[in-house]
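Here is a short tour of a protein model, with an eye on its core and its aromatic rings. Take a look at the structure first.

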Amino acid sequence: MLNVISGVWALLVGIVLIMLGNGMHFTLIGLRGGIEGFSAAELAVVTSGYFVGFLSGARMTPALIQRVGHVRVFAALGSFMSAGLIAYTLVAEPWAWTILRILLGFCMSGIYVTAESWLNNASTNETRGKVLSAYMIAQTLGIICAQGLLTLGDAAGAGLFIGASILVSVSFAPILLSVAPAPAVEVARPMSLWALFRGSPLGTVGIFLLGGVYATQSGMAAVFGSQIGMSASEIAFFVAMLFAGALVFQYPIGWLSDRFDRRRVIMGTAAMGAMACGAGWVAVGDVPGLEALGLWPLMGAALLAGGMTTPLYALLLAYTNDYLPNEDMAAASGGLIFISGLGAILGPLVVGWAMQTGGPEAFWLVLGASFAAMAVYAAYRMTRRQSSVTAEETESYLGVLPTASVVAVEAAGVWAAEQAEAERAEAEAETELRGAA
């Protein structure tokens, strides 16, 4: 593993620094928005703006790279992102913040496409799985550590926004000074939504719901914490718990998905997410006996709810690929990312409206309802179609974050198919040897 990382360490360091800046920015919006007196509905619109830009960037960046090259696109997007982070402190108006969020979402999407193209180009078929895993871990650690940096300053001032901008600016140095030019990005045209739904109804519906869940957790968690009276350090810890869960539960859920019917694993994981959200809702209420525990029940609920979200995303991608021929995986990746983006845009809007009318507790209720709907739909699909793919025939599971671009999702799909084929060939060879013996 160390030999693999040594070839891409500069990219990984750069990604960690970018995620430190972007992770600070996500939580800062909720903290500073509360200080400025923005309502939950207004902050929901601001949150959704990021995913509007992210979805747009995913569609437009490959064409930009083909026109002017990786280095220029990467440097330009980084400059705009760094400037955008500082601009938040200049105009404290919801409409201005929404425009800035669209800009930053567009920039981050393009940065992901560019960085993932370099990573993919630096990998071989043998190392791609480990490289992608290291990349996803670097992203997650960056977001978690970013929450700790928020405790070093005051969200009411400009210092934290400037710090986030500096981190993003510095992150490009190790990347641009060390990587070789990568070939032009070629992204397959996304599969039509109807074709994708016919191929995998559960994968399509699940990805849409999960896009809303992830966007709500990453964008509205700080708003929720601010509205229930958490301190800045408590909000930072709460957000960190949501992302730390991904590191804790990714491997166990992946292990289960390669050995059991993936629909059952999806149903069980979603049900666990719904129960975690129910626990979070109870922890916010006036329940006798919980007062002595302080915020720990809420932090535990965040760890479990966040821990179900990211593995579910990779699980739904793997399940969808199980029912597709290899030549359709690239097109399906683009379609799934588009559907996830639609969910990410709508999810915070629904939660913001619910929190505006029903109070901060609605944060957990809407998240829980989304998880529950996914679990119920998975159970329903098991009654409509018998699984035509056994656990031994499924593609290999590889953890992919909801923030990954189509480049990483396509690469993960190709690796999963190749890995599964190699494992099946090895198993057949062992069976033949035993038979000959």
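The report below goes from the overall fold to the core and then to the ring pairs.

This is a predicted model, in which local features need pLDDT of at least 70 and side-chain atom pairs count only at pLDDT 80 or more, while totals for chains, interfaces and linings use all residues. Residues are numbered from 1 along each chain as its sequence is written, and side-chain values use heavy atoms, with hydrogens and water left out.

The protein has 15 helices and zero strands, taken as DSSP runs (H or I, at least four residues, for helices; E, at least two, for strands). Of its 437 residues, 56% are buried, meaning under 20% relative accessible area with a 1.4 Å probe and protein chains only (exposed is over 50%, partly exposed in between).

The largest nonpolar core holds 131 residues, and Phe238, Met355, Phe363 and Trp364 have the most contacts inside it. Such a core joins buried Ala, Val, Leu, Ile, Met, Phe, Trp, Tyr and Cys residues through side-chain atoms within 4.5 Å.

Now to the rings: the whole structure has 17 aromatic pairs. Rings of Phe, Tyr and Trp (its six-membered ring) pair with centres within 6.5 Å; planes under 30 degrees apart are stacked, over 60 edge-to-face, the rest tilted. Here are two of the pairs.

| Pair | Centre to centre | Angle of planes | Class |
|---|---|---|---|
| Tyr88 and Phe161 | 5.7 Å | 35 degrees | tilted |
| Phe224 and Trp364 | 6.0 Å | 80 degrees | edge-to-face |

Phe224 sits in helix H9 (residues 201-227) and Trp364 in helix H14 (residues 362-384), so their pair ties together parts 140 residues apart in sequence. Both Phe224 and Trp364 are buried, as are Tyr88 and Phe161.
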